[in-house]
Amino acid sequence: MIEVSGLSKSFKVAKRKPGLLQAMKSLFYRQFTTVHALKDISFNVNQGEIVGYIGPNGAGKSTTIKIMSGILIPDDGKCNILGYTPWKDRKHYVKNIGVVFGQRSQLWWDVPVIDSFHLLKDIYKITETDFKDNLELLTETLDLSEILNTPVRQLSLGQRMRCEIGASLLHSPKILFLDEPTIGLDAVSKIAVRHFIKTINQEKKVTVILTTHDMSDIEALAKRIILIGKGQILLDGTLSELKSKFGTEKVITADYSRIKEPIDIPHTKILSYSDERLQLAVDTKQIKVSDVITALSQNLELYDLTVDSRPIEEIIIDLYKEYQI
Amino acid sequence: MSAYISLFKMRLMQGLQYQVAAFAGVLTQFFWGFMYIMIYQAFYQSTTNVQPISLHQLIVVVWLQQSFLALIMLWFRDNEIISLILKGDIAYELCRPADLYGFWYSRLIAQRLSSALLRFVPILLVASLLPYPYRFSLPDNVITFLLFLITLFLGLIIVVAISMLIYISMFYTLSGVGSLLIFGVLGEFLSGLIIPVPLMPHSLKIIVYLLPFRYCSDLPFRIYAGNIGYHEAILSIFAQIFWIILLFLIGKLWIKKALKRVVIQGG
């Protein structure tokens, strides 16, 4: 459905050293450096997938989304989405996709949301019945009924974002690109947005590609993640693969009655220790969690014990470190 | 096509909301109108030569200029389009299955119309109640009036086509000020909005007639005032059509080129 191969894009960025003299100098001679935003990006996405596209700031996520939605023209590489090359057949192609840029707005500021929706209906030539059906579904799942008649400038960020997402789906696109859809949203709105993305993916078989910095978005939505850094794909796989590869470490926290000396269990690392509480990092490749627990219970009078996986955030930070991005 | 029409309607609706701004505009326009009229009056009183346009015709032209300001001024701008370009929200506009030129064109024409609709009636109404020679009067006959309407409408199409070029240039300059100021000042002068075209020296007149600017305001208003005859009026309509085609072509080609190099930065 989506085939991307060898995509490259570089930008020219003007550079100058600080200071007045340098500013004067740059009037006559400007120095540019080339930033390689994307270097040979390739991946495929099948219909009905939800793909989380992650990476640190400036990794090239948004650039990829912009190329895939036909806004930017890459320097090199091929991209075949639904049989179109986005930047070549832009007008025909964009009918089939919906895009949400979390940091930008597509709604008309001064008029009620529903007016913007009606405008989109005419722009996308949506038939009356399709429009009604879609609007009904969107109103229901995104809980828009109370805000449709409010001018956009009076909406909160969360309300506006729900409307933005609704606006991108009025024309029943086959693919939805979400560029940071949950940025700046509170917990309730985030969950509403996630729930909605899941619903349309399951019910309407919409393929979703989303970029985010919020790993709980990824955990809630994406089975597959593509990690990008410095313009290159570093990892493309399922979330569980990632976890089993990098998330083998577990943390065991034990509370017990006072002891005098810390106990030592092989293949574990003590993260913190007091005479009533102990935190151990366990590498499950070397020792089973159950073995550690057995060892603990034999040596200590346990009150409480918890086993935690490492939070996905930390795994990602480690990944960034490992790839030096 | 329906997309452009509903965009037009939407912008019109939005523009008609700003009634207080329109009221303030009407007052300003009266001030300017009187100021111009007094200057011309002083000028006509101090000369004994016969001028190529009579004072009363000139006063009618001044009132028309003031009431249809929104239709003829190049500095009249749509800040939303400017911020779309400068801030990058144009990303959304590019995700639409529509032609950006047509999109913005209908938006701009609607904005000008809504603004003019709110202003021209009160100005012309009050101006036609003023004592002679300040009075605004009706044209001599129906044909003159029809020619005025046609040329004013074609002139509006030209103005918007020129201002499209201003917006496209912002893709390159990334500033909303430069080209707007240059086009605004030059356009105003070359349209005869500062010195009326009939009062310009001959050599300057030749230049002004070769450029599109005067076809937006000078032509329709002088037709109305009776300063331009039928024959010249009809020939000028052809000139207007020529400019419309040329400006559309330039604009369409240029926007295509500009969009190829557009970079939407950040986020």
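How many helices and how many strands make up the secondary structure of chain B? Chain B comes to twelve helices and zero strands, where helices (H or I, at least four residues) and strands (E, at least two) are DSSP runs numbered from the N terminus.

Before I go on, this is a predicted model, in which local features need pLDDT of at least 70 and side-chain atom pairs count only at pLDDT 80 or more, while totals for chains, interfaces and linings use all residues. Residues are numbered from 1 along each chain as its sequence is written, and chains are lettered from A and ligands numbered from 1 in the order in which they are written.

Staying with chain B, the C-alpha atoms fill a box of roughly 65 × 40 × 35 Å along the principal axes. Of its 267 residues, 40% are buried, a residue being buried if 20 or more other C-beta atoms, placed from the backbone, lie within 10 Å of its own.

Turning to chain A, an automatic or database domain assignment divides the chain into domain 1 (2–7 + 40–243) and domain 2 (248–309), and the centres of these two domains, taken over C-alpha atoms, are separated by 44 Å.

Chain A also has an open sheet of four strands in the order 11-12-10-13, with antiparallel pairing, where two strands pair if DSSP finds at least two bridges between them. Its edge strands, each pairing on one side only, are strand 11 (268–273) and strand 13 (302–309) of chain A. Within chain A, seven bridges join strand 10 (residues 249–256) to strand 12 (residues 277–283), and E249(A) has D283(A) in strand 12 as its bridge partner.

Methods: A residue is buried if 20 or more other C-beta atoms lie within 10 Å of its own, exposed if 12 or fewer, and partly exposed in between; C-beta atoms are placed from the backbone.
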